[in-house]
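Visitor: I would like to learn how to read the features of a model like this one. Please show it first, and then take the features in turn.

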Amino acid sequence: MKLTVVENGAQSVYRFSMSEVLIGRSIENDLRLSSGLVSRRHCKITFEAGAIWGEDMGSANGTFVGGERITRARIADREEFLVGGARVRVELEEAEVPE
(Lines give C-alpha, C1' and ligand atoms only; values in the text may rest on other atoms or scores of the structure.)
Protein backbone atom coordinates (compact mmCIF):
# COMPACT_ATOMS: atom_id res chain seq x y z
CA MET A 1 0.00 0.00 0.00
CA LYS A 2 1.33 3.42 -0.94
CA LEU A 3 0.45 6.53 1.08
CA THR A 4 1.14 9.99 -0.34
CA VAL A 5 1.09 12.65 2.37
CA VAL A 6 0.86 16.41 1.87
CA GLU A 7 1.65 18.15 5.16
CA ASN A 8 2.71 21.79 5.58
CA GLY A 9 3.07 22.14 1.79
CA ALA A 10 5.53 19.23 1.48
CA GLN A 11 4.67 15.94 -0.25
CA SER A 12 6.11 12.60 0.89
CA VAL A 13 5.48 9.07 -0.37
CA TYR A 14 5.56 6.01 1.90
CA ARG A 15 5.18 2.33 1.01
CA PHE A 16 4.00 -0.31 3.46
CA SER A 17 3.87 -4.08 3.02
CA MET A 18 1.68 -4.71 6.08
CA SER A 19 -2.13 -4.82 5.95
CA GLU A 20 -2.57 -2.26 8.76
CA VAL A 21 -0.89 1.15 9.06
CA LEU A 22 -1.18 3.24 12.24
CA ILE A 23 -1.04 7.01 11.71
CA GLY A 24 -0.42 9.65 14.36
CA ARG A 25 2.02 12.03 16.04
CA SER A 26 3.61 9.45 18.36
CA ILE A 27 6.82 7.65 17.40
CA GLU A 28 5.05 4.28 17.93
CA ASN A 29 3.00 4.78 14.73
CA ASP A 30 3.92 3.32 11.35
CA LEU A 31 3.39 6.74 9.75
CA ARG A 32 4.29 9.70 11.93
CA LEU A 33 2.82 13.14 11.16
CA SER A 34 4.11 16.28 12.86
CA SER A 35 1.05 18.56 12.80
CA GLY A 36 -0.31 19.67 16.15
CA LEU A 37 -3.77 18.85 14.76
CA VAL A 38 -2.84 15.16 14.61
CA SER A 39 -3.45 13.08 17.75
CA ARG A 40 -0.77 10.75 19.13
CA ARG A 41 -2.78 7.73 17.88
CA HIS A 42 -4.99 9.35 15.26
CA CYS A 43 -6.24 6.67 12.85
CA LYS A 44 -5.45 3.42 11.12
CA ILE A 45 -5.72 2.27 7.53
CA THR A 46 -6.48 -1.41 6.97
CA PHE A 47 -6.46 -3.50 3.81
CA GLU A 48 -8.81 -6.44 4.29
CA ALA A 49 -10.76 -8.65 1.90
CA GLY A 50 -9.73 -6.54 -1.09
CA ALA A 51 -10.93 -3.25 0.43
CA ILE A 52 -9.24 -0.28 2.12
CA TRP A 53 -10.74 0.89 5.43
CA GLY A 54 -10.03 4.00 7.47
CA GLU A 55 -10.78 4.02 11.18
CA ASP A 56 -10.44 6.98 13.55
CA MET A 57 -8.82 6.03 16.87
CA GLY A 58 -10.71 8.59 18.98
CA SER A 59 -8.70 11.58 17.72
CA ALA A 60 -9.53 15.10 18.87
CA ASN A 61 -9.74 16.64 15.38
CA GLY A 62 -11.14 13.69 13.47
CA THR A 63 -10.43 11.76 10.30
CA PHE A 64 -12.38 12.85 7.21
CA VAL A 65 -13.23 10.78 4.13
CA GLY A 66 -15.21 12.46 1.35
CA GLY A 67 -15.65 15.54 3.55
CA GLU A 68 -17.38 13.54 6.31
CA ARG A 69 -15.94 12.86 9.76
CA ILE A 70 -15.72 9.10 10.14
CA THR A 71 -15.44 6.47 12.81
CA ARG A 72 -14.84 3.77 10.21
CA ALA A 73 -15.33 4.03 6.46
CA ARG A 74 -14.28 2.39 3.23
CA ILE A 75 -11.70 4.38 1.26
CA ALA A 76 -11.49 3.97 -2.50
CA ASP A 77 -8.16 3.26 -4.18
CA ARG A 78 -6.45 6.62 -4.95
CA GLU A 79 -8.88 8.53 -2.70
CA GLU A 80 -7.65 11.31 -0.41
CA PHE A 81 -8.63 11.64 3.22
CA LEU A 82 -7.75 14.18 5.92
CA VAL A 83 -5.82 13.46 9.10
CA GLY A 84 -5.57 16.63 11.19
CA GLY A 85 -3.98 19.14 8.84
CA ALA A 86 -2.54 16.55 6.45
CA ARG A 87 -3.99 15.21 3.18
CA VAL A 88 -3.29 11.51 2.63
CA ARG A 89 -3.92 9.58 -0.59
CA VAL A 90 -3.95 5.80 -0.39
CA GLU A 91 -3.07 3.66 -3.41
CA LEU A 92 -2.90 -0.07 -3.74
CA GLU A 93 0.25 -1.44 -5.28
CA GLU A 94 -0.17 -3.62 -8.39
CA ALA A 95 0.14 -6.92 -6.48
CA GLU A 96 -2.59 -5.85 -4.01
CA VAL A 97 -5.29 -4.91 -6.54
CA PRO A 98 -8.06 -7.54 -6.45
CA GLU A 99 -8.93 -9.18 -9.76
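Visitor: Is Arg-15 buried or exposed?

Guide: Buried means under 20% relative accessible area, exposed over 50%, and partly exposed in between, with a 1.4 Å probe and protein chains only. Arg-15 has a relative accessible area of 56%, so Arg-15 is exposed. The model is predicted: local features need pLDDT of at least 70 and side-chain atom pairs count only at pLDDT 80 or more, while totals for chains, interfaces and linings use all residues. Residues are numbered from 1 along each chain as its sequence is written, and side-chain values use heavy atoms, with hydrogens and water left out.

Visitor: With which residue does Arg-15 form a salt bridge?

Guide: Side chains of opposite charge can pair when their charged atoms come close. A salt bridge here is a side-chain nitrogen of Lys or Arg within 4 Å of a carboxyl oxygen of Asp or Glu. Arg-15 forms one with Glu-93, and the closest N and O atoms are 2.7 Å apart. Arg-15 lies in strand S2 and Glu-93 in the segment after S11, so the pair ties together parts that are 78 residues apart in sequence. Glu-93 is partly exposed, at 26% relative accessibility.

Visitor: How many salt bridges does this rule count?

Guide: The count comes to 10. Among them is the pair of Arg-72 and Glu-48, at 3.0 Å from N to O. This pair links distant parts of the chain, with Arg-72 in strand S9 and Glu-48 in strand S5, 24 residues apart. Arg-72 is partly exposed at 41%, and Glu-48 is partly exposed at 35%. Another salt bridge joins Asp-77 to Arg-78, with the closest N and O atoms 3.1 Å apart. Asp-77 is partly exposed at 32% relative accessibility, whereas Arg-78 is exposed at 54%.

Visitor: Which residues are linked in a network of salt bridges?

Guide: The network links Lys-2, Asp-77, Arg-78, Arg-89 and Glu-91.

Visitor: In what order do the strands of the open sheet stand?

Guide: Strands (E, at least two residues) and helices (H or I, at least four) are DSSP runs, numbered from the N terminus. Two strands pair if DSSP finds at least two bridges between them. Here 6 strands form an open sheet with antiparallel pairing, in the order S2-S1-S11-S10-S7-S8. Strand S2 (10-15) and strand S8 (68-69) are at the edges with a single partner strand each, so one side of each has no neighbour in the sheet. S7 (residues 63-65) pairs with S8 over 2 bridges, and Phe-64 stands opposite Arg-69 there.

Visitor: What does Arg-69 touch?

Guide: Contact means heavy atoms within 4.5 Å. Not counting residues up to four places away in sequence, Arg-69 touches Ser-59, Ala-60, Asn-61, Gly-62, Thr-63 and Phe-64. A polar contact is a pair of N or O atoms within 3.5 Å; within protein, one must be able to donate a hydrogen and the other to accept it, and residues adjacent in sequence count only if both atoms are side-chain atoms. The side chain of Arg-69 reaches the backbone oxygen of Ser-59 at 3.3 Å, and a polar atom of that side chain lies 3.3 Å from the backbone oxygen of Ala-60. Arg-69 is partly exposed, at 47%.

Visitor: Which strands pair with S6?

Guide: S5 (residues 43-48) pairs with S6 (residues 51-56) in the antiparallel sense over 6 bridges. These strands form a hairpin with 2 residues between them, and Ala-49 in the turn has a positive phi of about 50°. S6 also runs antiparallel to S9 (residues 72-75), joined by 4 bridges.

Visitor: How many residues has the largest nonpolar core?

Guide: A nonpolar core is a set of buried Ala, Val, Leu, Ile, Met, Phe, Trp, Tyr and Cys residues joined through side-chain atoms within 4.5 Å. The largest has 23 residues, and Leu-3, Ile-23 and Phe-81 have the most contacts inside it. S1, S3, S5, S9, S10 and S11 each supply at least two residues of this core. Contacts of Phe-81 include Ile-23, Ile-45, Ile-75 and Val-88.
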